[in-house]
Amino acid sequence: MGKGGGCVPSKKKKPPSLPPGDGPAATDVGGAAPIPIEDDRTTGDGEHTATTTSAGTTPAIAARIPVRIFIVFYSMYGHVESLARRMKKGVDGVDGVEATLYRVPETLPREVLEQMKAPPKDPEIPEITAADLAAADGFLFGFPTRYGCMAAQMKAFFDSTGQLWREQTLAGKPAGFFVSTGTQGGGQETTAWTAITQLAHHGMLFVPIGYTFGAGMFKMDSIRGGSPYGAGVYAGDGTRQPTETELALAEHQGKYMAAVVKRLSQSETSGSLA
C-alpha cells in the first residue's frame, strides 16, 4: 500500500465531527456517541515523511505520498452515484488520503437502457479496468441490489479480475461496500453480505462501519438506508432521492475508511506488519 520513508511516532488525534446537519447529535439516543475515528498523523499535514540530516543542517524534505482509495461503483439511476460523491468528500477530508471515483463498465445495450429510462452516465467519471485496481491502497465498492445480491454489472467487473487473483495483487487491501435497494426489505444487508465472497477469494480485508455513526444508526423517526455493513439508500420506484441522513452516513463511511486505510498504510511503511 502506501510507500514512503520511516514514520516518526504517531500522535493520535480525533478528526472533527461531521458538520452540523450531516448527522444527528449523539445525545439523541440515550447518550450513544459515535466511536472516535482516530486519525494517526506522522506530520502536521498528515503525510509520511522522509528526512535526511547532515552536520550543521536540519531535517527539511518531506516525501508526500497520498494514500489512495478508489470508490468504484455501478449506478443505473444515480442513487449509488450520489452516495459515492458524498463518500469521496469524507475520504478527502482526512489528511494524506485522496479518493478517486470510477464506474464499472455497463453491460446492457444502449437501447435497453433507453427503454428503462436510465439517465446518461457522467463522462467526467471514468470507467475502471481490472488492472487499474492495483494502484489503490483501499476500496469502497458501491452497487444496487438484484434479488439480494450485487447487480450483474458489478459482478461482471469482479469476474474480470482473474489475473489479479492469480497474482494475489489485491491480497491484504481493505475494502468496504455501499448499496442501493428499492424497498426496506430489499437487501440493504444481504447485498453487502453476499459480496464479501469477492473479497475473501482475493484475500482482501472487509471493513464494515459497524455502529460508528453513533446515534444516527439508531434513529427511528424517518426512513433511512444503511446498515453496519455500509452506507445505503432506498430508491423506491426510482424517484426517491437520498436523504441528508443517508448522505451523511456515506460521508462518515468515507472518513472512517480513510482513517483505517491510512493507519494500515503507515503501519506497513514503518515495518510493524513485517
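Close-up 1. Helix H1 (79-92), strand S5 (138-146) and strand S7 (174-181) each contribute at least two lining residues; helices (H or I, at least four residues) and strands (E, at least two) are DSSP runs numbered from the N terminus. S5 provides the largest share, 3 residues. The pocket holds about 260 Å³ of space. Among its 18 lining residues, Tyr-77, Pro-144, Arg-146, Ser-180 and Ala-235 are the closest to its centre. A pocket is an open set of points on a 1 Å grid over the protein atoms alone, where a 1.4 Å probe fits, with protein on both sides within 12 Å along at least five of seven lines; lining residues have an atom within 4 Å of a point. The volume is the space filled by probe spheres set on the points, which are joined across faces, edges and corners.

**Close-up 2. An aromatic cluster.** Phe-70, Tyr-102, Phe-139, Phe-141, Phe-143, Phe-157, Phe-158, Phe-177, Phe-206 and Tyr-229 form one cluster. The model counts 10 aromatic pairs, where rings of Phe, Tyr and Trp (its six-membered ring) pair if their centres lie within 6.5 Å.

**Close-up 3. Positive phi at Lys-117.** Lys-117, in the loop between helix H2 (110-115) and S5, has a positive phi of about 60° although it is not a glycine.

**Note on the model.** Residues are numbered from 1 along each chain as its sequence is written, and side-chain values use heavy atoms, without hydrogens and water. In this predicted model, local features need pLDDT of at least 70 and side-chain atom pairs count only at pLDDT 80 or more, whereas totals for chains, interfaces and linings use all residues.

Key: Phe/Tyr/Trp six-rings, centres within 6.5 Å; stacked < 30°, edge-to-face > 60°.
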